[in-house]
Amino acid sequence: MNFSAFEHLDTLVFYLVSLVILVCAVMMLNFRKVIYMVLAMGGVFVGCAVLFLLLGADFVGIAQVMIYAGAITILMMFAIMLTNHEAVEPEARWSLQKAFSAIGAVVLGAVLLLVIRSTHWVVGDGRHINHGYANPVAIGLDLFREYTIPFELVSLLLLVSLVGAVLIARERKED
Amino acid sequence: MALIPNGTDREPMRSEKGSAAAQNSAPAAQGHAPMPYGGPAVDDIRMEEMLLNVGPQHPSTHGVLRLLVRARGETIVEADPVIGYLHRGTEKLAENLQYTQIIPYTDRLDYLASMINNYALCHTVETAIDLEVPERAEHLRVLVMEMQRIASHLLFIGAYLLDLGAMSPFLYAFQERERIVQLFNRICGARLTYNYMRIGGVKYDAPEGWLDDVRDFVPWMKGKLEMYDRLITGNEIFLNRVRGIGVFDTKTALAYGISGVNLRSTGMRWDLRRNRPYSIYDRFEFDIPVGQHGDCFDRYYLHLLEMEQSLRIIEQVLAQMPDGPVLGKVPKIIRVPAGEYYCGVEGARGELGFYIVADGKDKPYRLKIRKPSFVNLQLLPELLRGQSLSNLIAILGAVDIVLGEVDA
Amino acid sequence: MTEDRTQKTESSPPSSEAAVMPPAAPGMTGPPDAASAASTAGSTASADAAPEKASSAKTSAATSPSPAKAAPPKKAPPPPNPWVEAAKAKAEELAQALASQLPNGWLEEVGAVHHQPMLRVRKQHFPAVFRAAHALPSWELDYLVCYTATDYKEHLEVVAYVESTKFGHMVCIKTRTEREAASVPSIVSVHPGANWEEREMFDLFGIEFTGHPDLRRIMMWDEYVGHPLRKDFVDPSLTEEVNRDGADS
Amino acid sequence: MPALWLWQHGPVTWPHVLVMILGAIVTLAVTLGVVTYTIYAERKVIGWMQGRIGPNRVGPFGLLQSFADIFKLLIKEDIVPEKADRSLFLLAPIIAFVPSFMTLAVIPFTMRHIFTADFGVGLLYYLALSAITIHGVMLGGWASNNKYALIGGMRSAAQMLSYEVPLGMSLVGVALMSGSLNLNHIVLAQSRTVWYVVPQIVGFCVFLVAATAELNRTPFDLPEAESELVAGYHVEYTGFRFAFFMLTEYVYVFAMGCLAATLFLGGWSGPFLPGWLWFAIKVFAFIFFQFWLRATMPRIRVDQLMSFSWKVLLPIAMLNLVGTAIVTTLW
């Protein structure tokens, strides 16, 4: 490998972080304890956030940490710690179903790879790859000017699910 | 304790004592047997019980009390106090001790109110042998007993607030208490286990200037009480934590034999200094403050009010302190005529009584101590049942027990 | 040495010439002079009034060391002590009041311990007596003050002092049980506060309280053998056998 | 030369990396010093408030007391309970500590970011990083295999999550007024107009309460309520792992003080004195306030804690936000 590839430290960091993400992802699949899996998944989320930062998408990166690594992982930990479950997952065994899913996964991977290879990517200098849309002001303007209706729809959806969750919780309590 | 981990079948603090309670409750903590159709039902997961072991080494059990708490979610299903970690067999020891020799053992019962313990024993023996106590001795006794009551109540307030998370009142209370302890130290040479009283009087007369110092102490302490009132009673967080918590009524209290502040907090005007007058309490004017709701706040506030009344008594004692001997004409070896005697006095925590079965010798045939903390503690499981776990400490603290007395 | 203890207790402690100016016995709120057989009026005085009365009469208030009473105890056979007599009369009165509600043969002895009325009842009727005494109008013995047992070598005696918070009576109620397989019916159903005291007696005296909701050791640990407050108790750790075992290990 | 520090505006080069490492080391050293003396000051100040002397044995006026304590913790045996989940137990203090220190990376200690980063979304960065610490706390409590630790960890997580919402809401008001999430820009905006504590007084109050709860300090110190949970999530920890948890807490106290100073008290701006001194004074004022609370308040109950956050604090923060939005728009 050419050392000049590391002249840009960004590249070095990119490879390091990618390695971390991949290792975390593999570990997540291999761990037998659920809580370890969640932790490894948190590692993947944080790694992705660093990738966003490397791409200059500060806001997205931070939001990734906040929502995925912060809120969602914690929620999963809560669920695991508060519920009764086997601490250790049973050993995986091969079955027909699993074989099919393995084939499906391989096919999906191949398709994704093909699509990625066939796309023409805009190559920037690592700073302005998404034309400055990383900053919160730009995102806010875009959201409220160009995508107002989808944004509001999404909000509505979230609200509905929130109310639904409250309703379900309340019904249980009355039992 | 908002979030109680349902379904943790882990038991990190095992029962050291291997008590039946632990064994009885243990299966409940193991969780339910698997359902026939596979996983447990949803409701089963939600309602699984948890066994929580509070104590005997826990900062808020005031000694070596252990509470085995079975909780369902946040609600306490059952709390079982396990006692006896400090059991020294005082009653058995006393059977082999002469009456005077028992006095230092009483110091170690309710070690926050040793003077009153001393008195309760001496008073019972004096009643039994019909012994006259000199006036000055009786005045000194009342004086130190009321000071002791203040010291004990101060410690209650400090420790209670510490239980509720406020750190400063504890240290403040210790400063005030220190002054009383210093005064005791000067009159009897000890700071905690005084062994000051004797059958027929007290061991030492007040040293020179001591009474004057007590006289100075009274107004100073009054100021401090006002400070406590301002500092604690109005605190919103404190009120929210103690109001309406741990409520019981007079009927329950009487059924359980509750005495002292715990009984008075329910509105019952019951103070042995008035209801079964002993010593010279009938000569003094003082009120018996009572609560209204029987909750933790009432119990806290009554302690404050009682200190005020104790100060009133001290003032009157000082005003009429007579001269004279401090120890009556007591035989060398005290022999109590055969018979049974019971005398109860108003201790710092309730009715402290000594029941003596005498066989005419110099040692009691049987000595039973009616321990207020022991009796009051019985109500705790009732108070805790159905309560949320977060109130556990607030309720336990307000019952005000001393483990030295509970376990005797 | 203690066989006739209860008989002795009726004989008063060495008394003084207090007949002139008798101090009140602890727990007795009725004024001593009114403590004749017709003391009902005095004892039914309201609880609030009674202590006031006691405190107003300074000389009668202090339980024993009344300053007005100066004479030393006498050796001569004591004259009948007025408080003991009063207590006995009161005990009789209570016994009569209770008799209608209890089956025959419930009462074994009526007397006084020190200055308090005493009833000794058959153990089968022990809880029933408390229940009846609790319900009895003009007595209402609702407060269990002291509850314990004593080992008299021939038998065990369970003693309870109950008090009326309304009227101020204090009465001692006793029962006896044999030492082997000692058992007494529990009074927890009447006085829930007896719970731990009975557990303690079970623990330290080995008295089985039948009907107790939760009878187990309270002070000693569950594996403990023996009942320490019995007079013939020997600390197992002091016996030779244990010592030898200890030496071996 | 200043360009060397401003590495964000160009491709990163090796000298930049060295500067970054240097900056981290200096910040770490400063932070450790601040934490050490925060602990000392806390003991001393609370001691005075309670009529005691406080530490006075090690060094003059007890100034070296904290060092003695740290040394003690470092040489203590590192005990891992037998039934604990060993790897998580060992990992948890690190997960807790690392983000706490990382939050300091965006704090503008002075007008120019000499040792820290000038980061566009600094405010969000702080909130995001502090959320990661909760993992460490929770895992520590869970891995200890102790019920008190578990309850403490759970409480801690629930509390920090609940109060993060009003905390964030109270900060949005500031962001609206300054029009930026960059902490340095917020300070600059204040030095041009007025400290935001004045127009954002409601937000500031919400922030103070939420910050106190977020820091798990009295009266919101339920996670480690010693009278209930003995010590909470770190009950099984000893030695330097315990020290890590303590360090985390005090670094957060420091960081939260920095945030308060930056967002509401005008950061490094102020007359006469140099910027860093102003900043230090403001941070210490916040920390002192925390001491004061600790010496005064009893502990709130856990159900009250939760309902207070959701039913009182959050609506106030919302109203404040709406009000601020309206005013800023009309202005």
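The backbone oxygen of D:Arg299 lies 3.2 Å from a polar atom of the B:Arg241 side chain. The model is predicted.

- B:Arg241 belongs to helix α9 of chain B, which spans residues 236-242.
- B:Arg241 has a relative accessible area of 1%, and it counts as buried because that value falls under the 20% cut-off.

**Helices α5 and α6 of chain B**
- Helix α5 (residues 114-129) of chain B packs against helix α6 (residues 135-163) of chain B at an angle of about 145 degrees, and their axes are 8 Å apart.
- The crossing of α5(B) past α6(B) is left-handed.
- From α5(B), B:Ser114, B:Met115, B:Ile116, B:Tyr119, B:Cys122 and B:Glu126 take part in the contact, meeting B:Glu138, B:Arg141, B:Val144, B:Met145, B:Gln148 and B:Arg149 of α6(B).
- Six nonpolar, two polar and four charged residues make up this contact of α5(B) with α6(B).

**Helices α2 and α3 of chain D**
- In chain D, helix α2 (residues 14-49) and helix α3 (residues 65-75) cross at roughly 115 degrees, with axes that come within 8 Å.
- α2(D) and α3(D) form a right-handed crossing.
- D:Thr36, D:Tyr37, D:Ile39, D:Tyr40 and D:Arg43 on the α2(D) side meet D:Gln65, D:Ser66, D:Phe67, D:Asp69 and D:Ile70 on the α3(D) side.
- The contact of α2(D) with α3(D) comprises five nonpolar, three polar and two charged residues.

Methods. Residues numbered from 1 in each chain as written. Chains lettered and ligands numbered in written order. Predicted model: local features only at pLDDT ≥ 70, side-chain atom pairs only at ≥ 80, totals over all residues. Heavy atoms only, no water. Axes fitted to C-alpha atoms, helices over the stretch in contact; angles between N-to-C directions. Helix = DSSP H or I, 4+ residues; strand = E, 2+ residues; numbered from the N terminus. Left-handed = near helix turned anticlockwise from the far one by under 90°. Contact = heavy atoms within 4.5 Å. Nonpolar A, V, L, I, M, F, W, Y, C, P; charged D, E, K, R; others polar. Buried < 20%, exposed > 50% of the residue type's maximum accessible area, 1.4 Å probe, protein only. Polar contact = N/O pair within 3.5 Å; in protein donor to acceptor, adjacent residues only side chain to side chain.
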